[in-house]
Amino acid sequence: MAASGLPRRLFLQGVAAVYALAFASLYTQIPGLYGAEGILPARRTLRPQGKGRWRQLWETPTLLWEAPQLGLDTAQGLELLSLLGALLALGALLLRPLRNLFVYLLLWAAYLSACQVGQVFLYFQWDSLLLETGFLAVLVAPLRQPPRRKQTPQGGLAGASPHEALPFWLVRWLLFRLMFASGVVKLTSRCPAWWGLTALTYHYETQCLPTPASWFAHHLPVWLHKLSVVATFLIEIAVPPLFFAPMRRLRLAAFCSQVLLQVLIIVTGNYNFFNLLTLVLTTALLDDGNLTAEADSGCCRKTPTSAWPRSLLALLALLLECTVYGLLAYGTVRYFGLEVDWEQLAVHSTTTFTFHQFSQWLKMVTLPTMWLGVASLGWELLTAFWRWTQVRGWLRKLCTAVQLFIFGTATVALFVISLVPYSYIEPSTHGRLWTGAHRLFSTVEHLQLANSYGLFRRMTGLGGRPEVVLEGSYDGQHWTEIEFMYKPGNLSRPPPIVAPHQPRLDWQMWFAALGPHSHSPWFTSLVLRLLQGREPVIRLIQNDVEKYPFHKQPPTYVRAQRYKYWFSHPGEQSQWWRRQWVEEFFPRVSLGDPLLDMLLRQFGLQDKSPPRARSSGNTLAQALRWIRKQLLPLEASTLLWGLLAAVGAIRGMQALLGPHPPHASPVAKEEKHRPAPKKDCGPAGKAAAPAPDNCSSCAQAPRRKK
């Protein structure tokens, strides 16, 4: 690969943007989820066990252990952490000097701290993905940003350290693990919808939070849904090995396919910051040559004697690319039985391989994909070592050698650790893995430096989308539905656009509907808070409390019903959904009901001790309450979109008012376009005008006089 200065810069900015969105989204929900009157109070998660301070911090790595030192409870400490994390991430996004190792280390530590007390509401794969990506950003970010005058025209840094490409390679490896595993688990799960290629005929209406575009996508022809599933398998299983291809065009094709998939998911589903984070990971497939028009224009013209080897290599590369594309097309047609029906203008598809055949294939390729990673990483290490040999000056050479050793060791260690969760996709390979890798992984597993992934493993709601509807009543006879802001409820309300915000209660309500309420213990606590009329929890359901049907007086009774929802048919006026009652999900209860008390005791949700009172005169606590009061009227998704608009406006102003490169004079332009004189190959000619060693040196600007 060519230099990757610009992709690394984009990656760091993208990670900062995702951090800002994640922290801001979490901040808006802390009182209702983790406050003293919330569903799962955070203070219950941090109980001192009499262990040493450092041992306690290692076993439960969270900065919130220090909240009492500031006069804050755990929930207030989480608010402070989220606010500071959002502000620091915005600073890293907008201010170049803040994109350094220490800032990204603080961001990672802050989000890890939140996840330690987040309980079930922070147990999502994208939270783990953000932690793993965030730690890689710590290694990718420089110790300090060099001054702009040292930037080269290609976006790299003059005198860049040899080790800089090593941590960025781990981003590419993470993207490979994420996509390949997500494709494989769809087939290893034996889900009939994925094997029958009909998954997308259910997905758009059964996903957690559909968008308005989901309704239209759901009503596309079945053959197009099945063809889309084939394309998904192609992009997630067959294309990821091309991430390590030695040819730029193959990597660029892989990049475009991943971007296409993520954009389509963003349009048809509310998956918060997950798809944005995946798009950030795809920057590892690019290099400066993909992002600048100057990469090729700066190269010197080759003489006729050196043109034919270059042309031969280009021809061989083109033949190899055509072979790869041909194999992908042949494999897709063969293994998914693609046939064109010209009469109906459709493409029919069906799976032509069995589960046993796929299992044997997976067993055969899992280990080679690991060796592919080893080979690619080995090449990066050799390249970094070669760059180190080009460093001039003994002091600089010593410093870069130390950096290369530290970052090279960290890169290899993280790669070895990641092999353990990656091998979960194939049990026999997992069992044959080096025992040292298992020990290393188990040592740092709680830090979530490497995780296993597998999105959309099974398609749910094949017989209709299960949905839990809460109801309240004052007399136990007349019931009123409690409608949420985001999840489906009212049949005539269109699906909202929520991303990049993640309403974590709505997401857990979707999971709760897939089984009995006993599988979701937090639901009993939710019912208790509604019976108590706790405003922080009510604001998770309706930010505008006036729209909550029991805002004047809490309901005497609460129950929950399970329905099955389907998208409405085309032509049904003013209806987005249709539904059918299935069964009672949670029985009718009231405050003091023996059944409710028994469930609270069974799940350990009873408040055995009241929260410790904090001094009301604490300045920091007062400041947090004031900030909360100012932001309270804003709906979370509105707040996040406003944040994005503000960032866009500031970046636009920076582009308009920032320093611009000086324009070349007419004389310089004439010199640039003037054909270069032929060089004499003799000794005298070499002394007068030394020929450059490579094309990159031809693109360097002439030295200025001191």
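Biologist: Which residue does Val469 stand opposite in β5?

Modeller: Val469 stands opposite Gln561. This is a predicted model, where local features need pLDDT of at least 70 and side-chain atom pairs count only at pLDDT 80 or more, while totals for chains, interfaces and linings use all residues. Residues are numbered from 1 along each chain as its sequence is written, and side-chain values use heavy atoms, with hydrogens and water left out.

Biologist: What makes β3 and β5 a pair?

Modeller: Two strands pair if DSSP finds at least two bridges between them. Nine bridges join β3 (residues 465–473) to β5 (residues 557–567). Nine meets the cut-off, so they pair. The two run antiparallel.

Biologist: How do you know that β3 pairs with β4?

Modeller: Three bridges link β3 to β4 (residues 480–482), in the antiparallel sense. One has Gly472 facing Thr480 of β4. Six residues lie between the strands of this hairpin. Gly476, in the turn, has a positive phi of about 80 degrees.

Biologist: Why is β3 called mostly covered?

Modeller: Buried means under 20% relative accessible area, exposed over 50%, partly exposed in between (1.4 Å probe, protein chains only). Nine of the nine residues of β3 are buried, hence the label.

Biologist: What makes both faces of β3 covered?

Modeller: Side chains in a regular strand alternate between the two faces of the sheet. On one side, Arg465, Glu467, Val469, Glu471 and Ser473 are buried. On the other, Pro466, Val468, Leu470 and Gly472 are buried too.

Biologist: Why is Val416 called buried?

Modeller: Its relative accessibility is 16%, under the cut-off, so Val416 counts as buried. Val416 sits in helix α18 (residues 394–422). Helices are DSSP runs (H or I, at least four residues) and strands likewise (E, at least two), numbered from the N terminus.

Biologist: What does Val416 touch, leaving out residues up to four places away in sequence?

Modeller: Trp434 and Ala437. Contact means heavy atoms within 4.5 Å. Leu440 is 24 residues along the chain from Val416, with 8.2 Å between their C-alpha atoms.

Biologist: How do you know that the span of α6 is close to the expected one?

Modeller: The expected span is 1.5 Å times one less than the number of residues. Helix α6 (residues 125–140) has 16 residues and an expected 22 Å. From first C-alpha to last, α6 reaches 22 Å. As for cover, 15 of its 16 residues are buried.

Biologist: How many helices and strands are in the protein chain?

Modeller: There are 29 helices and six strands. Of the 706 residues, 50% count as buried.
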